[in-house]
Amino acid sequence: MSSYFGEKLRLQIFGQSHSEAVGVVLDGLPPGEGLDMKSIDAFLERRRGGKNAWSTPRAEADLPEIVSGVVNGATCGAPLCATFANANKISSDYDALADVPRPSHADLNARVKYKGAADQRGGGHFSGRLTLPLCFAGAVCLQILERRGVRVGAHIYSLAGVRDKPYDPMNMTEADFTNGAFPARDPSAGEEMIRAIADAAADGDSVGGIVECAVLGLPQGVGEPMFGGLENRLAAAVFGIPAVKGIEFGAGFAVTYMRGSDNNDGYYFKDGQVKLRSNHAGGIVGGIASGAPLIFRAAFKPTPSISREQGSVNLRSGENVSLRVSGRHDPCIVPRAVPCVEAAAAVALLDAMMVGGFV
Ligand SMILES: Cc1cc2nc3c(=O)[nH]c(=O)nc-3n(C[C@H](O)[C@H](O)[C@H](O)COP(=O)(O)O)c2cc1C
């Protein structure tokens, strides 16, 4: 069971939540790109669990072991492979789930698809743990993008209905990417979100939310028409993150409430250059970057594993059963998903830039 992404930059993610390790192979990276391991570790730290009330108690070092592809601190052209030990596993947590699939997790579909052979411990290959190697790949790509003037950032746009300060699609700088330890821009909204997660957790429940991501400095012209469009590539990468249920670009579904005269992003000349009067498109028209800030939002569902009683089935005995999921789970996926969304975007954008000859 492996998961692949990319056209010129090919990404493969492997492993299961409770296998020896999870890891990633990145093939096609430009050679001679220096890797700042400190900043990669800092990026991975943003996703790491086990250190606060809003994430899973499963705590691990999450430090990469570089197996290949790096010589003297720089990419050497060979496939870059990095692994992460799964050091903190309690597989017995999943014994009770062997024949009782968790509602809205992948247990039942994986059991049917892989003819009963799938590794169900910790969600197997469907676990949020697989976003650790994705984040490593993203951190590598972010450094290569930053060297070319492309910056990616994200924050929690909303969580359990609590709204953060949204990005301004016309007027953004890198300073807008500054979040606190909790990844909201407005600290008081962040506090309210933390309370909403705690309230749900106290009820044995979970909550979902929306991550907003912006890309600055993407050159106009990156992207392809039809199936190779930037929306297509970003959506494919972002839907690789478990628990994503939707994505919208720019004004997104709100465009359906507008007339063309409101939605159209008019042009004007300033100092001989074509400028935009608005950016409802979110930086993409015809699948191609317009040069304006690229903005999209990804919707995350509430964590499926909850300790409240739910209906399920025992596939062995053929009975209807009630299930309370125990074990270690994120009461909300959204805060840890923020770097995952940045990572998925970075991989998709570097690939798109390579396809278009921009890198
Ligand atoms: C960072 C992250 C952490 C996650 N943590 C959990 C968790 O603790 N418990 C859980 O049931 N699902 C968790 N998930 C979500 C499941 O992996 C996901 O819902 C499941 O694989 C089914 O896939 P789908 O929701 O995309 O359909 C997490 C997802 C991410 C991205």
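1. In general, the strands of a sheet pair through backbone hydrogen bonds, in either a parallel or an antiparallel way.

2. Residues are numbered from 1 along each chain as its sequence is written, and side-chain values use heavy atoms, with hydrogens and water left out. Because the model is predicted, local features need pLDDT of at least 70 and side-chain atom pairs count only at pLDDT 80 or more, while totals for chains, interfaces and linings use all residues.

3. β8 and β9 pair in the antiparallel sense over 2 bridges, and L159 stands opposite V162 in β9. β8 is also joined to β10 by 8 bridges, again with the strands running antiparallel, and in β10 the bridge partner of L159 is G209. β10 in turn pairs with strand β16 (residues 294–300) in the antiparallel sense over 7 bridges, where L294 of β16 is the bridge partner of V215.

4. Strand β10 (residues 209–216) is mostly covered, since 7 of its 8 residues are buried. In this note, buried means under 20% relative accessible area, exposed means over 50%, and partly exposed lies in between, computed with a 1.4 Å probe on protein chains only.

5. Helix α4 has 16 residues and reaches 22 Å from its first C-alpha to its last, close to the 22 Å expected at 1.5 Å a residue; the expected span of a helix is 1.5 Å times one less than its number of residues. The buried residues of α4 are A189, G190, M193, A196, I197 and A200. They cover an arc of only 120 degrees around the axis, which puts them on the same side of α4, the arc being that of the directions from the helix axis to the C-beta atoms. On the other side of α4, P187, D199 and A202 are exposed.

6. What do the buried residues of α4 pack against? They pack against β8 (151–159), β9 (162–163) and α7 (334–355), where contact means heavy atoms within 4.5 Å. Helix α7 is itself mostly covered, with 21 of its 22 residues buried. Its 22 residues should span 32 Å at 1.5 Å a residue, and its end C-alpha atoms are 31 Å apart, which agrees.

7. A202 belongs to helix α4 (residues 187–202), and it counts as exposed because its relative accessible area is 67%. The C-alpha atoms of A202 and P331 are separated by 9.5 Å, although these residues are 129 residues apart along the chain.

8. The ligand is surrounded by 15 residues, of which the closest are F126, A243, K301, S305 and D330; a residue is taken as near a molecule or strand if one of its heavy atoms lies within 4 Å of it. A backbone N or O atom of A243 lies 2.9 Å from an oxygen atom of the ligand, and an N or O atom in the side chain of K301 is 2.7 Å from an oxygen atom of the ligand. A polar side-chain atom of D330 lies 2.8 Å from a nitrogen atom of the ligand.

9. D119 lies in the loop between α2 (107–113) and α3 (131–146). Its side chain makes a polar contact with the side chain of Q16 (2.8 Å), a polar contact being a pair of N or O atoms within 3.5 Å; within protein, one must be able to donate a hydrogen and the other to accept it, and residues adjacent in sequence count only if both atoms are side-chain atoms.

10. Finally, some backbone angles deserve a careful look. S104, in the loop between β7 (80–85) and α2, has a positive phi near 70 degrees although it is a residue other than glycine, and it counts as exposed at 55% relative accessibility. M226, in the loop between β10 and α5 (230–238), has a positive phi of about 50 degrees and is not a glycine either; at 65% relative accessibility, M226 counts as exposed.

Conventions
Helix = DSSP H or I, 4+ residues; strand = E, 2+ residues; numbered from the N terminus. Pairing = 2+ DSSP bridges.
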